[in-house]
Amino acid sequence: MKISKKPFRILMTTAALVLAIQMPVTYAASLSDLKDEKSEVEEQKDQLSNEIKEKSAEIDSIKSKQETLLNQITQITDKITNTNNEINQVTQEIEVATQEIETLKADIVALQEKIDQRNELLAERARALQANGQVSFLDVLLGANSFVDFIDRYSAVNTLMDADRQIMKEQKQDQDKLEEQKLTLEKTKQQLESKKAELDSLKASLNSQKQEKDSLIVELEAQQKQIASEKQVLEEQYEEAVEISDEINAQIAAEQKRLLEIARQQEEARKAANAANGGNSSNSGGGSAPAVSAGNWTKPANGRYTSPYGARIHPITGQYKFHYGIDIANSTGTPVVSAADGVVSYAGRLSTFGNVVMVTHSIEGQIFTSVYAHLNSINVGVGTQVSKGQQIAGMGNTGGSTGTHLHFEIHVGTWVKQSVGSVNPLNYISL
């Protein structure tokens, strides 16, 4: 009896389809949530980094102000030192002038004694004249006994009169000289005391300025301490965000590996279903989709190869920047296909990528992630298992793009960011 194989094939096909559609929705939602959480953490890290930079700039500004104030304080301190030196010099000059005045006073006392002695001599002469009955000059001359006596008397009287006149003249000169010296010294002392008063006033002003600068220094130091404390808190928060980001990356990697394992199982089920159907399979790609190449990889889209992998001048910023993928240009809506069997690990908007799809692959035990950016439309969702050559999107011009094209990347491992695990796609696909 010949057994028909048709019911068996139908059973296998049905089982494969059931396995293919039973991928838990929670897996995709979990991976999507993790991606969103990672995006939020990255934004928080950027914000914290900017705040840390602002705090650093504030600290640098305060340090600059402190340096300026310290220079001003140094200059003021130098002025105070110079003023103190001038005050000391003037004080010494005042002391010298005071000593000279004291010496002059002693000289005046000695002169006064000399004058008093001269006055006493004149007084004695006057008393002698009074004792002789007020003898006049004429009486002295007329009382001479002879011409010789007259001459002697005349000479004696002249000598006395000359002596008296000399005494009076010397007294007048000495008094004038001492008074002049006294006035000069007193004037010098007044000038020195006035200069000292000005210097004392300048010193008080400089001390006030220095105290003001010292207060500003103390205030700035307090501000710097406060800002440094705030910066430390921000740095601690940034470190926590980095740790959280690392944890999320690990969770994303684990989730992607789990999805890949499910995709592997689904692929085995699909192959079993195809085998049960006699090896018949269909490809729903559009007429303008690229032909599927043999091997593990195929090109993701038809079009013109417009930009290679590597360093280049960015078409928007004009800056020298590394290009982590290749660009293929064509019309809007041109089919974009998965470059290899895998599972969709991201589908949606992502920064300058615009609309993007990421597919994670497990090929010969190695994990890869392919990236398809600037899309016009997306045909798959996170967690969708896709086959090599299956259409996943339409070519577009979204995000940081200057024309309709596909930006295509391949990364070894799960996708973290552009620079991590980036490889030249042309090492895996042929255009």
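In which helix do Glu-235 and Lys-231 both lie, and how many residues apart are they? Both lie in helix H4, 4 residues apart, or about one turn of the helix. The structure is a predicted model, in which local features need pLDDT of at least 70 and side-chain atom pairs count only at pLDDT 80 or more, while totals for chains, interfaces and linings use all residues. Residues are numbered from 1 along each chain as its sequence is written, and side-chain values use heavy atoms, with hydrogens and water left out.

The average pLDDT of the protein (the predictor's confidence in each residue, from 0 to 100) is 78, and 77% of the residues score at least 70. Among the elements, the lowest mean pLDDT, 40, belongs to helix H1 (residues 6-21), and the highest, 97, to strand S5 (residues 335-337). Residues 1-29 have pLDDT below 50, and in the model this stretch has 26 contacts beyond near neighbours in sequence; a contact means heavy atoms within 4.5 Å. Over residues 279-287 the pLDDT also stays under 50, and the model has 6 contacts beyond four places in sequence for them. Where pLDDT is low, the predicted coordinates should not be read in detail.

The protein has 4 helices and 12 strands. Helices (H or I, at least four residues) and strands (E, at least two) are DSSP runs, numbered from the N terminus. Of the contacts between residues at least 6 apart in sequence, 69% join residues at least 24 apart. Buried residues (under 20% relative accessible area, with exposed being over 50% and partly exposed in between, for a 1.4 Å probe and protein chains only) make up 32% of the 431 residues. The protein exposes about 25,400 Å², of which carbon and sulfur atoms supply 51%; accessible areas come from the Shrake-Rupley method with a 1.4 Å probe, and for residues only the protein chains shown count as cover.

The structure holds 3 salt bridges, each defined by a side-chain nitrogen of Lys or Arg within 4 Å of a carboxyl oxygen of Asp or Glu. Lys-55 forms one with Glu-230, with the closest N and O atoms 2.6 Å apart. Lys-55 lies in helix H2 (residues 25-131) and Glu-230 in helix H4 (residues 147-276), so this pair ties together parts that are 175 residues apart in sequence. Lys-55 counts as buried because its relative accessibility is 17%, whereas Glu-230, at 28%, counts as partly exposed. Lys-196 pairs with Asp-200 in another salt bridge, the closest N and O atoms being 3.1 Å apart. These two residues are 4 residues apart in helix H4 and therefore separated by about one helical turn. Lys-196 is partly exposed at 26% relative accessibility, and Asp-200 is partly exposed at 33%. In the salt bridge between Glu-235 and Lys-231, the closest N and O atoms are 3.9 Å apart. Glu-235 counts as partly exposed at 33% relative accessibility.

Glu-102 lies in helix H2 and is partly exposed, with 45% relative accessibility. The C-alpha atoms of Glu-102 and Lys-182 are separated by 9.7 Å, although the residues are 80 apart along the chain.

Strand S10 (residues 391-395) is mostly covered, 4 of its 5 residues being buried. Strands pair if DSSP finds at least two bridges between them. S10 pairs with S5 in the antiparallel sense over 3 bridges, and Gln-391 in S10 is the bridge partner of Val-337. Strand S8 (residues 366-378) is joined to S10 by 3 bridges, and the two run antiparallel. Gly-394 in S10 stands opposite Ser-377.

Positive phi values occur at Glu-364, near 50°, and at His-374, near 65°; both are residues other than glycine. Glu-364 is found in the loop between S7 and S8 and is exposed, with a relative accessible area of 75%. His-374 has its place in strand S8 and is buried, with a relative accessible area of 6%.
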